[in-house]
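Look at the sequence and the structure below.

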Amino acid sequence: MKGSEFSSAGNLKGTYSFPDNFNPELNKPAKVSGAEAIIKSLLMEGVETIFGYPGGAIMPVYDALYDYRDKVNHVLTRHEQGAVHAAQGYARASGKVGVCFATSGPGATNLITGIADAFIDSTPLVCITGQVGSFLLGTDAFQETDVVGISMPVTKWNYQVTNAEEIPTAIANAFYIAKSGRPGPVVIDITKDAQFSEFVYYYQSAKKIRSYQPKPKLNIEQVKAAATLINKSEKPLVLFGQGVSLSGADTEFRKFIEKTGIPAAWTLLGISSLPTTHPLNVGMLGMHGNYGPNKLTNEADLIIAIGMRFDDRVTGDLKRYATNAKIIHIEIDDAEIDKNVKTDVAVHADAKEALTSLVNFVDKKNHEKWLSSFNTLYDEEFDQVISKEIKPDAGKLRMAEVVKKLSEKTPDDTIVVTDVGQHQMVTARYFEHSGKSLSITSGGLGTMGFCLPASMGAKIGSTDKSVLAIIGDGGFQMTIQELATIAQYKIGIKIVVLNNQFLGMVRQWQELFFESRYSFTEMTNPDFVKIADGFGIPGRRLDQREHLDSSIDEMLSTEGPYFLEVMVEQEDNVFPMVPTGASVSEIRLS
């Protein structure tokens, strides 16, 4: 038996109680197999949907699942990577823990990319993998892989179960760890003999685990010290990330910036927490962010970072980052504090708790002159970049004008899912968020192939919301097989592929920094519309500007899934841009 971070081998000690959705019929003590115990435990945690792909080492679990088909929805994806990305999309759209199944060996290793993605982007997952019998562990048996060892660096916790009696406690711990504190993925690897073995089953959900403290206690002196710096500052700038929304602090965050009058800029994952049109929203940070917040970072006298981790795409050259500013960092994960940027005041706390307290100690102010400097730089960016992108005079369709039109025509509460590349940056820049909409993307890991399966999960997790999947032609082909899943389960997402017949972001770098030596980035693509049609998904190809409105209208009015391929300018570049290794103040408009 193997354990990691929160338990030593064989140690699953904690505090347990009845779950909120306690079902006495499911939880009557009874002798069941380990496989059935897995299903019953998931139901006790309120799981409604599982994404997965069966195989030999997890077959007993799937056999047990057969008898619970009326109680839990299982979605058969076409690849295990599709299952884990779908679970991610489900978790981020629903606010629940995403769950996926895979068999041992290649089934389990196919989950690793999604697990790593969930780990760096703080997405709560419980991934259950089958494993060869315990008597075969370490023998290089057929489809045996050390899943615990492989997944340890990219999970909050993982555990291998070789004794069926440990299943209820392991799953209870898994859900508690995945969703508490800074959320993240957990892997439970269960040997085949543990799945077959019988024991007297009883379930209690975890409320506390020894040595694991997911939520730090708010230190009011840290809050007061932060308020003192804020009240003295003349050029403060707020940087907010996904931690704001993960803590449910959107309202508290807005109260804070509106009282203090501080300009606020967002990371790629923080985009949804503040309406695009809010007067204090000064745009996106980072490599392809807006001109103002990047350019003025080094003029700020105070940086207030909330629920973000100062990654390299935001900071650029750390030696030349925020050179004139004191730093306040509000962050639930102590490991992120002082990791990249040295703080003057660290508030180690949940963002919602910190902001709820902080707003009581800050002065009501405005920073009109400071804010106007952001607006001036935005006007410059608009004249040199934005206006030409959203309303080009001639030539092929541009990604920005397509995204802008999608933003205008979709409902205010649309869930927008993107893949990775130029289209991702363009969507972040030009899709306007209302405060009701949600953006889901692969941020820290930058996983091509994320969007299509993640959008499936998002739609299943929020059936009442419109889900728009915006994908590049490269990333689309990495998980294109999930069109079959979409068709089988009639998942009503709207798929827009912005096709420039290149690996666009890599090509842009080759053009700018490698003398336009396009080394293996040009793509000869298949007829995507025919492929979609082969799966029974209606669609069309668009290559004329005059048909943009009508094509989007047709897509949005079609019931069920729809596929729209848009042929866009092949050598379109995304600007502004901070070159690798440069200071954020060296951001380029062309």
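## Terms and model

A residue is called buried when its relative accessible area is under 20%, exposed when it is over 50%, and partly exposed in between, using a 1.4 Å probe and protein chains only. This is a predicted model, in which local features need pLDDT of at least 70 and side-chain atom pairs count only at pLDDT 80 or more, while totals for chains, interfaces and linings use all residues. Residues are numbered from 1 along each chain as its sequence is written, and side-chain values use heavy atoms, with hydrogens and water left out.

## Two buried aspartates

Start with Asp121. Its relative accessible area is 1%, so Asp121 is buried. Asp121 sits in the loop between H5 and E6; helices (H or I, at least four residues) and strands (E, at least two) are DSSP runs, numbered from the N terminus. The side chain of Asp121 reaches the backbone nitrogen of Gly444 at 2.9 Å. That is a polar contact: a pair of N or O atoms within 3.5 Å, where within protein one must be able to donate a hydrogen and the other to accept it, and residues adjacent in sequence count only if both atoms are side-chain atoms. Contact in general means heavy atoms within 4.5 Å. Not counting residues up to four places away in sequence, Asp121 touches Arg92, Gln242, Leu269, Thr441, Ser442, Gly443 and Gly444.

Now take Asp572, in the segment after E22. Asp572 is buried, because its relative accessible area is 2%. Its side chain makes a polar contact of 3.1 Å with the side chain of Arg398. Beyond four places in sequence, the contacts of Asp572 are Glu389, Arg398, Met399, Gln422, Arg507 and Gln508.

## Helix H5

H5 spans residues 112-120, and its buried residues are Ile112, Gly114, Ile115, Ala116, Asp117 and Ala118. What covers them? The cover includes the helices H3 (80-94), H4 (106-109) and H6 (147-151), along with the strands E6 (125-131) and E8 (185-191).

## Domains and one interface

The protein is divided into domain 1 (3-201), domain 2 (220-374) and domain 3 (396-567). These bounds come from an automatic or database domain assignment. The C-alpha centres of domain 2 and domain 3 lie 31 Å apart. Their contact takes 14 residues from domain 2 and 18 residues from domain 3.

Together they bury about 1300 Å², with carbon and sulfur atoms giving 64%. Buried area is the accessible area (1.4 Å probe) that two parts lose on being put together, summed over both. In domain 2, Leu268, Ser272 and His288 lose the most area to domain 3, together 40% of what that side buries. The interface has three residue pairs in polar contact, both residues at pLDDT 80 or more.

Most residues other than glycine have a negative phi, and most peptide bonds are trans. Ser122, which follows H5, has a positive phi near 60°.

Asp338 has a phi near 65°, also positive. Asp338 lies in the loop between strand E15 (326-331) and strand E16 (345-348). Is Asp338 buried or partly exposed? With 36% relative accessibility, Asp338 is partly exposed. Glu515 has a positive phi of about 55°. Its place is the loop between helix H21 (504-513) and helix H22 (528-534). Glu515 is exposed, at 70% relative accessible area. Finally, the peptide bond from Phe575 to Pro576 is cis, with omega near 0°. Pro576 is in the segment after strand E22 (562-567).
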